[in-house]
Structure formats: C-alpha cells, structure tokens
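Subject: Structure handover

Hello,

Here is the structure for you to take over. Please look it over, then read the notes below.

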Amino acid sequence: MKVIKFGGSSLATGAQLEKVSRIIQADAQRRVIVVSAPGKRHAGDTKVTDLLKELADAVLSRQDPLPLIDVILARYSEIQTHFALAEDVVAKLRAHLISLTQQTYSSAAYLRDAFMAQGEHMNAQLVAAVLKAQGLPACFVSPQTLGIVLAGQPGHVQVDPQTYRNLAQFTFPDADIVVPGFYAFDAQQRIVTFPRGGSDITGSILARGLHADLYENFTDVSWVYAADPHLVKGPRAINTVTYREMRELAYAGFSVFNDEALIPVIEANICVNIKNTNDPTAPGTLISPTKNVKHHHHITGVAAKKDFTALYLHRYLINAQVGFTLKLLQILSNYGVPYEHMPSGIDDLTVIIDKHELTAAKQQAITEEVQAQIQPDTLECLDDLAIVMVVGEGLYASIDLVPRIMVALADAGVTPAVINQGASRISLMLAVPNAQAQAAVQAIYGLSSNHHA
Ligand SMILES: Nc1ncnc2c1ncn2[C@@H]1O[C@H](COP(=O)(O)OP(=O)(O)O)[C@@H](O)[C@H]1O
Ligand SMILES: N[C@@H](CC(=O)OP(=O)(O)O)C(=O)O
C-alpha cells in the first residue's frame with residue numbers, strides 16, 4: 001500500500017484535479033490520499049490557507065466574515081463547477097464555515113488554527129466527491145476517525161504516540177481514503193495545525209502508522225534539486241538523497257518537503273518519493289535511509305535560510321568554567337527560546353537563534369541577563385544572518401573541499417560570520433549576512449556542479 005500526498009499546487013484547479021485523479025487510478029496501491037488546501041493557481045495568487053488566516057483575523061476583530069467566506073468558497077465552487085458535481089458540496093462547506101465563526105475557542109491561537117485547518121478539511125471532502133463522481137471508490141476520513149492525536153499547543157505541536165496505537169486498529173473501508181493534511185485534534189478535541197507545509201507531516205504519520213510500502217509526495221517539481229531553483233538557475237536534479245541529508249536541507253530552506261515530516265518515516269524506515277503531478281512518469285527523487293556515496297557528488301545540496309540572530313560571547317577561560325554553558329542555556333530556556341547551533345572555542349561561544357523565536361524585548365532581556373550572570377568580556381548580537389548549509393554524505397571524503405568552498409565564497413565577496421564544521425558528519429554550516437545568502441549558495445553550487453565536488 002502507498003500513501004500519496006498532493007500539495008496545494010496539485011489541487012489548485014479542476015484541471016489539476018483531473019491529473020490527480022489519473023495518478024490515483026494509475027496504481028491500485030495508492031490507497032491513502034492526503035490532500036492540502038488549494039494552493040496558488042498562478043504567481044500572484046493567494047493560497048486558501050492564507051485567506052483562512054485573514055478570515056480568522058476578521059473573526060477575532062469582529063468584522064463581517066461573509067465577504068471573505070465568499071472569496072474562499074469561490075475556490076471550491078470553481079472546482080465543483082469544473083466537474084459539474086450533482087451534489088452541492090460547497091453549500092455544506094459554507095454552512096460549516098459559518099458555524100465555525102459562531103463557536104468559542106480556548107484562545108486566539110486555537111481559533112486561528114481551527115480556521116486555517118479548514119482549507120484541508122473542506123478540500124478532502126470536495127476531492128472525495130470528485131473522485132466518487134468519476135467512478136472511483138473513495139471516501140473522506142477525518143484525522144479524528146483515524147485516531148491522530150496531537151500534544152502541545154498551537155505553534156509547538158507533536159504527535160502523541162497514542163496515534164500509532166490507534167492507527168494500528170484502523171480498518172480500511174472498501175474504498176480509497178481521502179484524508180485532510182495539516183491538522184488534527186488534541187486530547188481536548190481542539191483543532192491544532194502543524195507548521196506551514198505540514199500536510200507532508202500528516203502523510204508521513206499515516207505512512208508509518210498504516211505500514212505503507214512507500215510514501216509518494218506529489219508537488220510541482222519533478223525532483224528535489226541540488227539548490228533552490230529560486231536561487232540558482234536550472235540546478236542539477238538529485239536522484240537519491242538520504243534521510244539525514246534531506247533533514248538538513250529541508251531545515252535550511254528546501255521547502256519542497258517539510259523537515260519535520262521526515263521523522264515518522266525515518267522511525268519506520270519508509271522511503272519517500274518526491275514526484276511531479278504535472279510530469280508523473282518522471283521517477284522523481286527518492287529519500288531513503290542510505291545511498292551509495294561512491295557514485296555521488298560530495299556535495300548533495302546547498303540550502304539557505306534567512307533571519308537568524310547570533311549571540312557572541314568572549315570570556316577568557318570559558319573552557320575551564322564548569323557549568324558555563326548550562327547557565328547560558330538556562331537563561332534561554334527561561335525565556336522559552338530554543339537555539340539552532342552553538343559552535344564554541346576555548347574563550348568564545350556563539351549561539352545561533354531563529355529570529356522568529358525572539359521579540360526585541362526578549363532579546364534585550366536575554367542579553368541583560370547574560371551580561372549580569374555570566375559577565376562576558378564581550379557580548380554582541382549579530383542580526384539578519386542567513387544559515388547556509390552545505391550537505392553531502394561524502395562531504396568530508398574530499399579533503400580540500402572546505403578550503404575550496406572558502407575560496408569560492410571569498411571570490412564571490414561573501415564573508416561568513418560563523419563557520420561550524422565537524423559537528424555534523426555530513427554538513428558544513430555557515431552563517432552569512434542575509435543579503436549575501438544567494439551569492440553564497442550560487443558560489444558553492446557552482447563548485448559542486450563544475451568540479452564534481
Ligand atoms: N531544492 C529544491 N528542489 C526543488 N524545489 C524546491 C527546492 N527548494 C525550494 N523548492 C520549492 O519547493 C516548491 C514545492 O514545494 P511547495 O510549494 O510546498 O509544494 P506543494 O504545494 O506541492 O506542497 C517548488 O515549487 C520549489 O519552488
Ligand atoms: N495548506 C497548508 C499546509 C500545506 O502543507 O500546504 P502545501 O502542501 O501546499 O505546502 C499551508 O499552506 O501551509
């Protein structure tokens with residue numbers, strides 16, 4: 001059995017849904033269909049999830065929600081009309097969406113998640129109706145029926161292990177199941193969403209819990225490329241990428257697959273095949289536990305993600321002070337701030353933090369507390385940094401690769417503020433100014449494509 005997930009671009013119009021239907025019919029193993037909300041139909045269009053976020057804000061500020069509800073439902077009507085469905089699914093969706101505006105929620109964050117989840121919730125119902133109308137046995141199944149349970153709060157959610165015990169009990173109906181991605185319910189039956197792009201996570205949970213042989217993830221590109229095509233023109237396609245390579249690349253900006261979505265499939269040793277709805281016969285990229293590194297480039301991919309802050313501390317004999325790092329991390333923990341990287345030396349230490357985890361007030365309070373408790377000789381905050389991640393299972397097999405990367409960066413006028421080599425066996429992390437991120441990716445990618453680095 002295969003779990004198959006379609007992203008928003010694959011479900012944006014009736015014409016796209018026709019391709020989806022053909023893909024499902026082409027393989028009887030494709031029994032679990034996970035859908036995102038309708039995405040962009042063209043550049044400049046707005047994803048339904050973003051419209052729903054606006055709707056949540058309108059409800060929170062007590063504005064009339066009906067005009068926005070009309071705009072949102074027009075996306076679904078367009079598809080219903082394309083297939084000339086006999087059943088008026090959209091009328092039901094309208095009644096449901098209106099009823100949500102009249103409910104009460106635990107907090108604004110729960111209200112926002114409940115609304116944003118509706119893009120997928122409504123689309124799974126419409127897709128099931130379309131497939132049925134085309135003569136395919138298909139039915140809508142909600143995350144609740146499947147037993148997906150989430151722990152945590154909006155913004156910080158994890159799968160409750162009970163989910164896998166519940167999924168083990170699930171009995172397949174005599175039909176393919178269409179499941180909405182991106183959200184599920186917590187133990188109090190409240191809707192909580194995954195991070196953006198999180199329908200990939202639903203697919204991965206179902207692949208693990210329902211013991212799929214393969215998780216196929218259909219999107220709008222035929223491959224995962226060695227660099228983001230927005231940053232490098234015509235990048236090289238990757239045939240096979242390992243779990244840990246993809247984790248690092250997805251974390252650092254390869255938005256084609258959500259980095260958190262790898263965890264359930266890693267736990268169950270299930271491969272993920274990234275494929276293109278618009279070119280379904282292309283083999284796509286296989287994300288697998290291992291690969292033969294002998295026949296691969298040393299650099300598999302290079303990714304960049306903007307907006308990090310580095311906290312740099314210098315104090316003589318840092319290395320001799322027992323508990324120094326503990327004190328620093330305790331301060332961050334007290335403010336609920338996680339850190340991403342922490343390269344250190346005998347007298348120096350840099351902590352790299354995702355800027356979205358900090359407000360100006362938090363940053364100020366943290367630096368004041370670090371100054372008071374740790375009394376470093378130097379304490380600096382470096383803002384607006386991008387993380388550049390050079391990733392490859394065979395990265396350190398080439399002894400001159402790192403110096404060549406540095407020369408390529410120098411030639412491109414890129415000045416790394418932080419370099420972290422060796423913490424991971426398969427990656428090299430560089431922090432560069434946000435404004436130099438693209439130049440850094442291009443310089444490193446050029447090295448890997450020209451010289452078989
Ligand atoms: N290295 C990469 N390889 C392929 N696509 C990438 C890469 N980095 C970023 N992307 C972007 O990811 C997009 C696909 O992800 P996404 O928009 O989330 O698709 P979907 O809506 O199907 O889930 C591509 O259109 C591409 O612009
Ligand atoms: N619709 C959600 C979840 C998702 O995974 O979407 P997509 O598959 O289009 O990236 C979002 O926009 O974030």
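**What was found**

The UniProt annotation "domain: Aspartokinase ACT", from an unreviewed entry, covers residues 388-445. UniProt positions follow the numbering used here, feature names are shortened, and annotations may be inferred rather than shown by experiment. That stretch is 34% helix and 26% strand, with its end C-alpha atoms 11 Å apart. Helices (H or I, at least four residues) and strands (E, at least two) are DSSP runs, numbered from the N terminus.

This is a predicted model: local features need pLDDT of at least 70, side-chain atom pairs count only at pLDDT 80 or more, and totals for chains, interfaces and linings use all residues. Residues are numbered from 1 along each chain as its sequence is written, while chains are lettered from A and ligands numbered from 1 in the order in which they are written.

The protein chain averages a pLDDT (the predictor's confidence in each residue, from 0 to 100) of 94, and 98% of the residues score at least 70. The model has ipTM 0.98 and pTM 0.94.

Now the ligands. Around ligand 1 there are 19 residues (C-beta atom, placed from the backbone, within 6 Å); Gly 7, Thr 219, Tyr 225, Asp 228 and Val 256 come nearest. Ligand 2 has 15 residues around it, with Gly 7, Gly 8, Ser 36, Thr 49 and Ser 199 nearest.

Best wishes
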